[in-house]
Amino acid sequence: MNVKKAILRRATLASVAICLFALAIIGQLIYVQFFQKLDGRMWKDRITQFHIKKDTLRATRGNIYSRNEDPLAISLPYYYVGIDPRVAKADSFDKKVDSLAMLLSQKFGERSRNEYAYMIRKARENERQYLLLSRKKITYQERLAMQKWPFFRRDRSKSGLGGGKFDPVYQRYHPYGRMALRTVGYLNPETAKGLVGLETSFQKELAGKDGVGLVESLSGGVRMPIEDGSDIKPEPGMDVYTTLDVNFQDMAETALLHGLEKYEAERGCLIVMEVETGEIRAMANLTLKDGKYVENFNHALAGGGDPGSTFKLPTFVALLEEKLIRPEQMVHTGGGVITYRGRRISDAKRSGHGSITAAQVFEKSSNVGVHLLMSSSNMYNHPDTYCRYMRRFKLDKPSGLRLIGETMPVIPNPQSPGWSKLSLNSMAIGYELKLTPLQMLTFYNAIANDGKWVQPMLVKQVRRANEVVKDYEPYVAQEPICSQTTIRQVKKMLEGVVERGTAKKSQSPYYRFAGKTGTAQKLINGRYQVGKYLTSFIGYFPAEKPKYSIAVIIDTPHGANIDLLYGGSVSAPVFREIADRIYAYDVQMHRPVAIASKTIRQSGKGIKAGFADDIRTISTELNMDAKPDADGWVTTETQGSRTQWVSQTTQNKVPDLRGMTLRDALHLLENRGFRVRFEGYGKVIDQSVPPGDPLPNPRKISLTLRQSARPDTLVVAVNKKNQSGR
């Protein structure tokens with residue numbers, strides 16, 4: 001019993017002791033938290049200066065490259081500069097802190113030298129883990145320079161100095177400035193996500209995966225990751241490789257700007273596409289804003305509207321496929337004006353075109369002629385047939401370019417709201433429609449590609465480092481858009497537009513191109529306005545073997561004469577300019593130089609004297625039968641009908657200098673110790689001492705050259721000892 005009481009008493013005492021110990025700990029915590037001071041500051045105040053929490057660690061965004069792997073958009077590192085003042089040894093710290101303060105003051109200028117020194121010393125006294133030295137970010141080059149500073153040197157661990165930190169943040173940078181800006185895109189400054197262009201279309205691939213870890217919140221909204229404290233490491237984004245060519249893009253933007261400035265147009269776009277693959281080499285978009293042309297809207301992708309006369313190509317393809325017309329059939333357009341169901345239809349040429357063929361209707365872009373062909377072929381009574389061809393041509397669907405923001409095309413049909421008996425008449429010449437330049441170019445590209453419809457491409461690959469994650473191949477529709485007979489017919493018409501039609505003033509002497517002009521009146525406040533035009537030219541080149549297709553759109557050109565504001569005058573010259581530049585750049589398109597099939601026998605003709613080895617080399621390259629069998633310096637000697645090469649290397653006779661260049665003659669004479677005087681320029685035609693004579697004494701000679709002396713020609717004396725006159 002006594003044992004039981006003793007155990008109970010001990011347990012009670014132990015419990016009381018534990019409770020008292022716990023209360024003591026709680027009391028100590030309260031005292032430390034609210035009453036104890038260290039260096040004159042409450043612990044709770046010291047804790048609040050550090051705001052450490054879990055937060056998102058941003059992944060490094062992937063880069064965007066051209067087809068030649070030129071960077072179009074990259075993430076460059078910038079750095080916040082900070083220091084952990086506890087790292088350096090005491091003696092080293094005291095010696096170098098003033099030097100660091102002076103450098104910081106000179107670099108950032110936010111504080112004086114003394115203020116920087118006091119701030120760093122105070123942080124060391126308070127055992128600060130991290131001190132942000134400036135709110136300004138520095139570049140990588142500036143970081144390299146700062147690595148020579150105290151506390152930041154790479155060998156700081158050996159010197160007892162250390163603690164300097166460069167904490168990276170990444171910013172988007174466009175090495176080519178605003179080139180292709182709406183196509184490449186840019187980021188939302190608040191969310192750092194893609195806002196337009198490829199940046200938003202490939203946001204998932206470019207963004208990577210963010211990590212989660214501990215960060216310290218500093219003044220100015222700066223968040224500093226705690227080293228080795230992340231729970232999930234960020235995964236960098238992948239790189240996007242496009243089909244754009246920076247050289248083509250530069251040429252396109254330059255040509256487009258020239259056209260816009262010449263006509264003070266409101267906006268415009270230019271697209272260059274490779275015919276066979278559909279790869280887009282350039283996509284330029286410019287808009288007049290505050291007196292300057294800037295790229296703030298992708299007209300090529302999202303600028304839908306009436307295409308105008310460029311839509312006559314789908315109309316003619318449909319009529320030819322149905323065998324309702326023939327290119328050679330005659331059309332009587334009269335005086336260029338006709339009325340249909342109360343609507344006035346007129347041609348740009350006020351006097352009309354008279355009687356012309358169906359092919360000429362297309363080449364001269366006669367609205368009256370198109371109407372007469374639609375009417376005589378009875379197509380007006382079969383709108384479903386016409387609209388079925390538009391679907392076959394894939395004009396009723398977006399092009400499929402992997403770029404967010406493409407406008408949906410509008411091709412009316414008899415079931416569409418607002419359809420009338422005049423709708424087909426409007427559609428045939430390019431009105432009551434909504435198509436983008438890219439959608440129209442895709443159709444023209446199919447014609448250039450012998451009927452094979454190719455989906456436009458802007459992105460070739462997505463890579464993670466050197467690993468190809470996605471590889472995009474060209475998509476070619478299985479069925480051609482029309483027969484080869486129709487392709488041959490319309491190609492000839494498209495060539496006729498440039499050779500004889502509305503674009504004949506833009507012909508090139510170096511290559512042939514084909515295409516169609518377009519001039520659509522703009523719909524403003526529900527009415528089509530005369531003089532307010534959307535001009536265009538869409539085509540391809542070289543005409544005989546198309547490699548590139550191009551669309552040029554110039555919106556609302558201005559000028560005193562509205563007859564000079566049509567597609568043939570405004571947009572076709574821009575097509576010619578960009579085509580000229582591409583032709584000069586892409587040498588594979590140049591015609592091969594013809595090589596003579598037979599050997600040219602020109603013994604002695606053109607080459608009368610010189611160094612034997614040089615003559616043999618030239619004769620071999622040019623297929624000339626002028627190959628001396630002698631060595632050294634040689635000249636030709638004619639005896640009757642026979643011409644032979646004679647060596648001039650004999651040292652005891654005067655050489656035959658006739659036919660030699662002055663340089664060669666001087667070389668021979670110098671080796672014999674002659675002083676030389678000469679007059680004129682070109683080759684030697686006479687010499688004062690006859691060839692073959694013994695060497696004279698004194699050794700002087702005068703040379704007469706082929707041409708009379710130039711005004712600035714000097715008489716030069718040369719001897720063997722002093723050759724400064726050569």
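E264 turns up in the loop between α10 (246-263) and β11 (267-274), with helices (H or I, at least four residues) and strands (E, at least two) taken as DSSP runs and numbered from the N terminus. The model is a predicted one, so local features need pLDDT of at least 70 and side-chain atom pairs count only at pLDDT 80 or more, while totals for chains, interfaces and linings use all residues. Residues are numbered from 1 along each chain as its sequence is written, and side-chain values use heavy atoms, with hydrogens and water left out.

Most residues other than glycine have a negative phi, and most peptide bonds are trans. E264 counts as exposed because its relative accessibility is 55% (buried is under 20% relative accessible area, exposed over 50%, and partly exposed in between, using a 1.4 Å probe and protein chains only). N378 also has a positive phi, about 70°, and is not a glycine. This residue sits in the loop between α14 (367-376) and α15 (383-392), and at a relative accessible area of 35% N378 is partly exposed.

As for peptide bonds, the one from F541 to P542 is cis, with omega near -15°. P542 belongs to the loop between β21 (527-541) and β22 (548-555).

Helix α10 packs on α19 (residues 567-585) at an angle of about 155°, their axes 9 Å apart. Axes here are lines fitted to C-alpha atoms, for helices over the stretch in contact, and angles run from 0 to 180 degrees between N-to-C directions. The pair is therefore roughly antiparallel, a label for angles over 145 degrees. On the α10 side, the contact (heavy atoms within 4.5 Å) includes F248, M251 and Y263, and on the α19 side V574, I578 and I582 are among the residues involved. The contact residues divide into 11 nonpolar, five polar and two charged; Ala, Val, Leu, Ile, Met, Phe, Trp, Tyr, Cys and Pro count as nonpolar, Asp, Glu, Lys and Arg as charged, and the others, Gly among them, as polar.

I582 shows up again in the largest nonpolar core, where L270, F541 and I582 touch the most other members out of 124 residues. Such a core is a set of buried Ala, Val, Leu, Ile, Met, Phe, Trp, Tyr and Cys residues joined through side-chain atoms within 4.5 Å. Leaving aside residues up to four places away in sequence, I582 touches F248, M251, V272, F541, Y548, I550 and M589. A second, separate core has 24 residues, including F108, Y116, M146 and F151.

Notes. Angles under 35 degrees count as roughly parallel, over 145 as roughly antiparallel, 65 to 115 as roughly perpendicular and the rest as oblique.
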